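Thanks for coming, everyone. I have a few minutes, so let's get the structure on the screen and walk through it.

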Amino acid sequence: MEKKIAHFTIDNKECTATTGVSIINAARENGIFIPTLCHYEGVKPAGSCRVCTVKVNKRHLTACTTPVAEGMEIEVDTAELNDLRSSVIELLFTEGNHYCPACEKSGNCELQALAYRFGIMAPRFPYQFNERDVDASHPKIYHDHNRCILCKRCIRIIKDEKDLPAGSQGRSIFAFNQRAKKVKIKLDDRLGKELSDELAQKAMDICPVGSILVKETGFKTPIGQRKFDKEAISLDNSINLKAMKEAHHE
Amino acid sequence: MTTQEIHGILDKYKHDKTRLMDILYDIQHKTNYIPMDKVDIIADELNMSSADVEQTISFYHFYSTKPRGKYSICLNNSVVANMKGREFVAQAFKDELGCEFGEVKDDIGLFETSCIGMSDQEPAALINGKVFTNLTTYRVRELIRDMRLGMKVDDMFANTFGDSMNSSPLIKSCVRNSLKRTGPILGQEYIPGKTLKKQVALMSPQDVINELKKSHLRGRGGAGFPTGIKWEFARKAKGEKKYVFCNADEGEPGTFKDRVILTEKPGMVFEGMVIAAYAIGASEGILYLRYEYRYLRKYLVDVLDKMRKNNSLGKNPGGIKDFEFDIRIQLGAGAYVCGEESALIESAEGKRGEPRNRPPFPVEKGYLGFPTVVNNVETLIAAVRIIQNGGEWYQKLGTKESTGTKILSVSGDCLFPGIYELEWGFTVRTLLEMVGARNTQAVQVGGPSGALIGPEQFDRNVCYSDLATGGSMIVIDNRRDLLKDVVLNFMEFFIEESCGSCVPCRNIPTLLKQKLEKILEGKATNKDFDDINNWAKMMPINRCGLGHTAANPIITSLKNFRHLYRERLKKDIEFESGFCLDDAIRESCEFVDRIPNI
C-alpha cells in the first residue's frame, strides 16, 4: 500500500510525515523533540503520564497516542504546554517518595532527567507522603512502590511467554491493582518466582525510575558516569534510542 | 466453593476471558468474595496471570478477594443521602453491628458506596445487591435483627413493594418510580414491536439514519454527540461484525432516570437497540447494566425472552430479511467511570474499566475491536419515538439546537423529587417551581461533573447551548453549608471514582480537596484561591470525561459562590501553611511521654 504523506505544522513550522504515525514520531522525523515518560518505542502507547501532551487544533491530546493527519496545527513548545508537562513531573514527585541520592537509578532515571530538563527546583504541590511499601518477596526483583510512577511500561512489555498455546498473548507478569489513588503495580506472585534473569534485567531496564531493581547487584555504573549525568534528556538520548531505531527500521 | 463449582462456572462461559466479569460475578454472588486460591484457578484456566485477574477484581467496588460477609450492606454516601438523614442511619448501622464501615462483624459486612441511583428515596442501601430505600434508624434495627436471625434478603422487605412493575414477581423491590411528569417520549403509549414491524421493516437502514439526522437527536448521556451521525459512522465503518451497546451504567450522583426507564419501558429500550442494529448492520447487542440495578436483571431477561417469541429479536426481527440480532445483559460491578463509553467496552471485555485512548473511536474499533455504537438508555427510547412519529415531529420539540425532550432526575431539597420529562429550553426557575422547591440556595445542574449555580442564574435555559445536563438536577436549599455538605462530598466522589491512570486525575482532585479543607478550617489565604484555579488547569489534559470534569465542583462553586469562599478567608495574611507542628508531633510526643511545647 502506498504511504500517504501528511502535511502539518508544529509550532508554525511546516512539516511532513507518513499519515498515521504518532505525533511523537512525526515530530522526531522533523527534528522536533516532544518530552515523553510512559512512552516506550515499539510498544503500544498507554497515554497514561500525559507528559507528551500537545495541542492539536487547540485541543489537548497526547502525542504518543494520536496519529498525525493532514492539516493538523500542532503546538509543542509553548509556555502553557511546558508548564503543564512540568506540573505532571512535579505531581509524580509529590505523589511518590523519591529520594534521588539514595536511588540505584539516579542518573539513569527518566523522571529525574525530565525534572532537570524542566528546571524543577521544588514542586509547586505539597508532598503527599503517601504510604507505599517495598516488596522484596520475589527472588529476583526488589519492587519499590515508593518510586513507581505507574507508567505501565512493565505491564505492557514484560510478558510470560512460557508454555503458551499457539496464537495467544503472553501473560502479564505485572498488572495494575486497585483504582484511583490506591492504584499500584502488582508483580504476579507465581510468575514473579519463576522470572528469568534476562526478564528481570529487562524489567529493570525498561522501568524509567528505580521502582524495579534486580536483586544482589547494584551501582555497576558509578554515579557521575550515567546516561543523564552529563547531558540533558533530549531527542538523541531519550527512550532507549536503540529500540527506537529498531522500530523505525521495521 | 469447590474447585468443581469454579470449573462449572468457567465452562458456562466457555473459558472465554472476555467474560471475566460474569465469571467473577457468579463466584462473588455465590460466596460473597473471590478467594485468592480460586483466583489462581481462574487465571490458569483462562491463560492469564493471577495478577491480571486481580487487576479486574480490585478495580470494581463490588468484587473482593476478602470475605464481605453473608450479608453485605452497602450504604450510599451521596450528597442527597446526607440531606435525607444518612448520618443517623449510618450511625445506627455502626451501633447495631458494633463495627465501622469497611469492616465485617458476625458475618455482616458494612460498606460505603457511591450513588446507587435512588436519590428520590434516600437514604438507601444495597444488601446483597437488593435495594432498600427510605431507611430510618428503626428500619436499620429491624434489618440487622432479621440478618441475625439468618433471614433471606428477599424476605426482609416489609411487604411494601414499590409502584408499577416494581412489585412484579420478577422484580419484587421496594423501589418507587417517582414518575412525576411525562412527555412525548415517556407518556405516549408504547406497543411492543409495532414500530419495528410496521415502520422499520419498510425502511432501509439509511432511511432510519436519515430520520435520526432529521430529528437532530443528540446523545442523552451528557456528551451530546448527534446520534444519527454516530450511527452513520458505524454503518460506514468496516468490520466483520458490529455491536450495539446500551449504556445503562448511569452513575452520576443524583441521576436515576435510566432506572425508571428500564422499569417502565424496557421493551422500548431494547427495540431502540434493534433499530440501531438494523441501521448500522449489527448482529449482537449488549445492555451494560450497572451492578446497582441488578435487581432488574431477571425482569429484563424476561422482556428479552418475550421479544424473541414475538419476533422482535433473534432471526429476522420484525420480519426483516437478512437481519439477525440478539441482546445479552452484561452486569457491571461498581465503577462510575464505566459510564464512559470506551471504559464500558473495556469492562464488558472483562477488564478494568479504564477509558481508552482515542482515536480510534468505538464506532471504528469498539467491543473486541469491532465497530460499536454505544447509546444511552434515554437516547434509544427517543430513537423509537422518532421512527414512530418522524424526525420532523421530534425536531419541532424543544429549541432549535436542542431538539426534543430531556428526562430529568430531580432530587434534593424539594417537595416532589422524581422524574420529569420536559422539552429542552425551560429555565431552572420553572423547574424549581414545578418540583416544589423553596428557599433554594443552589442547583447542581448535570450532577457533580456539571455546574453548581446560584439564584442569579436561575433564569438560564437548560439546553445544550446554555446549561447542558445529562439529567441530574440536585436542589440545595439555604439550610446547607454548600462547601462542606456539597462540594466536599463531590470532590470525595471523584477521588474515589478515578480509574487512576492519568497523573492529573489521580492527584489534582485530592490536592483541591485538601485546599478546600484548609478553606473550611478558616486557614486559607488568597494564594490558596490562585492555586486552586491554576492547578485545575491540568484537568483538560486527562484522557476522559471524568478526568476533564473532576475539578468542576470546586471550580464552578468558586466561580458562582465566591462570597462563600471569601467569608472563610484568613484576613491580613500572605501565607498560611495549613500545617500545625504541635499536631504533627503529638503522636511521637505521646510515645515518649512528653507533651508538645505549646
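Predicted model: local features only at pLDDT ≥ 70, side-chain atom pairs only at ≥ 80, totals over all residues.

Now chain A. Chain A is divided into domain 1, residues 5-77, and domain 2, which is written as 84-162 + 169-219. Their C-alpha centres lie 25 Å apart. Domain 1 of chain A puts 12 residues into the contact, and domain 2 of chain A puts in 16. What is the domain 1 side made of, by class? On the side of domain 1 of chain A that touches domain 2 of chain A, 8 residues are nonpolar, 2 are polar and 2 are charged.

Next, the two chains together. How many residues of each chain are in contact? Chain A has 36 residues in contact with 31 residues of chain B. Look at the chain A side. The elements giving two or more residues there are α2 (79-95), β9 (171-172), β10 (174-177), β11 (184-187) and α5 (189-193) of chain A. Which of them gives the most? That is α2(A), with 6 residues. By class, this side of chain A counts 16 nonpolar, 10 polar and 10 charged residues.

On to helix packing in chain B. Two packed helices are described by the angle between their axes and the distance between the axes.

Start with α12 and α13. In chain B, α12 covers residues 266-280 and α13 covers residues 297-309. Their axes come within 10 Å and cross at roughly 60°. Because of that angle, α12(B) is oblique to α13(B). Is the crossing of α12(B) and α13(B) left-handed or right-handed? It is right-handed. Which residues make the contact? From α12(B) we have B:Pro266, B:Gly267 and B:Phe270. From α13(B) we have B:Leu300, B:Val303, B:Leu304 and B:Met307. The classes in this contact of α12(B) with α13(B) are 6 nonpolar, 1 polar and no charged residues.

Helix α12(B) has another partner to look at. That is α10 of chain B, residues 227-236. The axes of α10(B) and α12(B) come within 8 Å and cross at roughly 50°. So α10(B) is oblique to α12(B). Here B:Trp231, B:Ala234 and B:Arg235 in α10(B) meet B:Ala276, B:Ala279 and B:Ile280 in α12(B). By class, the contact of α10(B) with α12(B) has 5 nonpolar residues, no polar ones and 1 charged.

Last stop, a sheet. In what order do its strands run? In chain B, an open sheet of 6 strands has the order β6-β13-β12-β16-β14-β15, and the pairing is mixed. At the edges sit β6 (179-181) and β15 (451-453) of chain B, each pairing on one side only. From one strand to the next, the twist averages 25°.

Let's zoom in on one pair. Strands β14 (residues 440-445) and β16 (residues 472-477) of chain B pair in the antiparallel sense over 5 bridges.

How values were computed:
Residues numbered from 1 in each chain as written. Chains lettered and ligands numbered in written order. Contact = placed C-beta atoms within 7 Å. Helix = DSSP H or I, 4+ residues; strand = E, 2+ residues; numbered from the N terminus. Nonpolar A, V, L, I, M, F, W, Y, C, P; charged D, E, K, R; others polar. Axes fitted to C-alpha atoms, helices over the stretch in contact; angles between N-to-C directions. Parallel < 35°, antiparallel > 145°, perpendicular 65-115°, else oblique. Left-handed = near helix turned anticlockwise from the far one by under 90°. Pairing = 2+ DSSP bridges. Domains from an automatic or database assignment.
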